[in-house]
Amino acid sequence: MSFRGMPRARSFSAPSQRALISRETLNVDGLQVAVLRKNNRNMYLRIKPPYGAIEVTAPARMPERAIVDFVRDRREWIDDALRKMAAARSRTFASANVDPSVPSPSIAATGTEVSVARETTDAAASFTWNEQYVEKARRSIEQRIPALVEKWAPIIGRSPSKITVRAMTSRWGSCTPKTSRIRLNLQLGLMDPKFLEYVLVHEMTHLWEHGHGAGFQARMSDALPEWKELRRELNRCTIFEAPQVQR
């Protein structure tokens with residue numbers, strides 16, 4: 001079974017699945033808002049991670065003024081979502097255990113709060129995958145996996161039949177218990193090694209327990225007592241979408 005990364009910012013209503021009629025960009029009090037017009041009756045707002053792109057789905061004939069007011073009425077929620085995403089980006093590579101060639105966030109003058117304005121100076125906020133990072137991440141995982149499996153297989157009591165490293169857009173890892181195959185997010189190779197170990201243990205435990213119920217939690221607590229804290233830390237990071245690569 002799989003588990004998700006950073007919780008997504010809540011949407012106002014479910015986005016429409018109707019065909020797109022037109023797309024435009026509005027500047028609403030300094031916010032760049034993508035407006036998708038469709039043949040639907042209501043308006044929907046969502047903030048798309050990891051960079052906080054603001055998107056409104058609106059009826060085809062909805063006046064621009066109504067769209068602007070719709071965004072303004074939700075400005076407090078938008079700003080809160082943007083702050084959370086900026087903070088998550090900053091935390092992702094903020095560790096002394098991360099390879100120094102990987103971007104890490106600069107510290108704000110206050111040292112206590114991440115603001116939307118920091119995004120332009122935050123190195124992690126502008127992180128972009130390239131061939132060098134893809135290869136570095138894959139190599140890092142492949143070098144660590146044999147020792148980790150050797151360490152944890154006797155403790156957990158089961159071993160994966162195959163481990164695949166791939167780019168993921170919303171998950172840190174997943175597994176198929178029936179085939180004992182595990183998939184790991186490529187990005188873990190650029191992050192603190194403790195997260196790679198935690199995700200691997202998590203997925204190996206799913207070889208016994210398909211869900212996240214009492215049985216799963218008991219096995220995780222026996223194997224890795226600090227797993228809940230590691231999960232909280234990891235879920236406060238963000239996933240940067242990478243080119244689709246698979247090994």
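Strands β2 and β3 pair in the antiparallel sense over 8 bridges, where strands are DSSP runs of E with at least two residues, helices are runs of H or I with at least four, and both are numbered from the N terminus. Two strands are taken to pair if DSSP finds at least two bridges between them. The structure is a predicted model, in which local features need pLDDT of at least 70 and side-chain atom pairs count only at pLDDT 80 or more, while totals for chains, interfaces and linings use all residues. Residues are numbered from 1 along each chain as its sequence is written, and side-chain values use heavy atoms, with hydrogens and water left out.

Aspartate 29 is partly exposed, at a relative accessible area of 46%; buried denotes under 20% relative accessible area, exposed over 50%, and partly exposed the range in between (1.4 Å probe, protein chains only). Most residues other than glycine have a negative phi. A positive value in a non-glycine residue is also found at serine 180, with phi near 65°. Serine 180 is placed in the loop between β7 and β8 and counts as partly exposed, at 21% relative accessibility.

The bridge partner of arginine 37 in β5 is alanine 58. Strand β5 also pairs with β4, in the antiparallel sense and over 5 bridges, and arginine 46 stands opposite glutamate 55 in β5. The hairpin of β4 and β5 has 4 residues between the strands, and glycine 52 in the turn has a positive phi of about 75°. Strand β5 is mostly covered, with 6 of its 7 residues buried.

The loop between β1 (3-4) and β2 contains arginine 18, a partly exposed residue with a relative accessible area of 48%. Arginine 18 and asparagine 39 are 21 residues apart in sequence, yet their C-alpha atoms are 6.6 Å apart in space. When residues up to four places away in sequence are not counted, arginine 18 touches Lys38, Asn39 and Asn40, a contact being defined by heavy atoms within 4.5 Å.

In helix α1 (residues 64-73), Ile67, Val68, Phe70 and Val71 are buried. They cover an arc of only 160° around the axis, which puts them on the same side of α1; the arc is that of the directions from the helix axis to the C-beta atoms. An α-helix has 3.6 residues a turn, so residues three or four places apart point the same way. The elements covering the buried residues of α1 include β2 (20-28), β3 (31-38), β4 (44-48), β5 (53-59) and α2 (75-92).

Nonpolar cores were defined as sets of buried Ala, Val, Leu, Ile, Met, Phe, Trp, Tyr and Cys residues joined through side-chain atoms within 4.5 Å. The largest such core has 39 residues, of which Trp129, Trp152, Trp172 and Tyr198 touch the most other members. At least two residues of this core are supplied by each of α3 (131-156), β7 (171-176), β8 (181-185), α4 (193-205), α5 (214-223) and α6 (227-235). Helix α3 gives the most to the core, with 10 residues. Apart from this core lies another, of 20 residues, among them Leu26, Val33, Ile67 and Trp77. In soluble globular proteins, nonpolar side chains tend to be buried together.

Cysteine 175 is buried, with a relative accessible area of 8%, and cysteine 237 likewise counts as buried, at 3% relative accessibility. With a disulfide defined as a pair of cysteine sulfur atoms within 2.5 Å, the count comes to 0 disulfides.

The mean pLDDT of the protein is 82, and 77% of its residues reach 70 or more; pLDDT is the predictor's confidence in each residue, from 0 to 100. Confidence is lowest in β1, at a mean of 46, and highest in α4, at 97. Over residues 1-12 pLDDT stays under 50, and the model has 54 contacts beyond four places in sequence for this segment. Over residues 106-124 pLDDT likewise stays under 50, with 33 contacts beyond four places in sequence. Where pLDDT is low, the predicted coordinates should not be read in detail.
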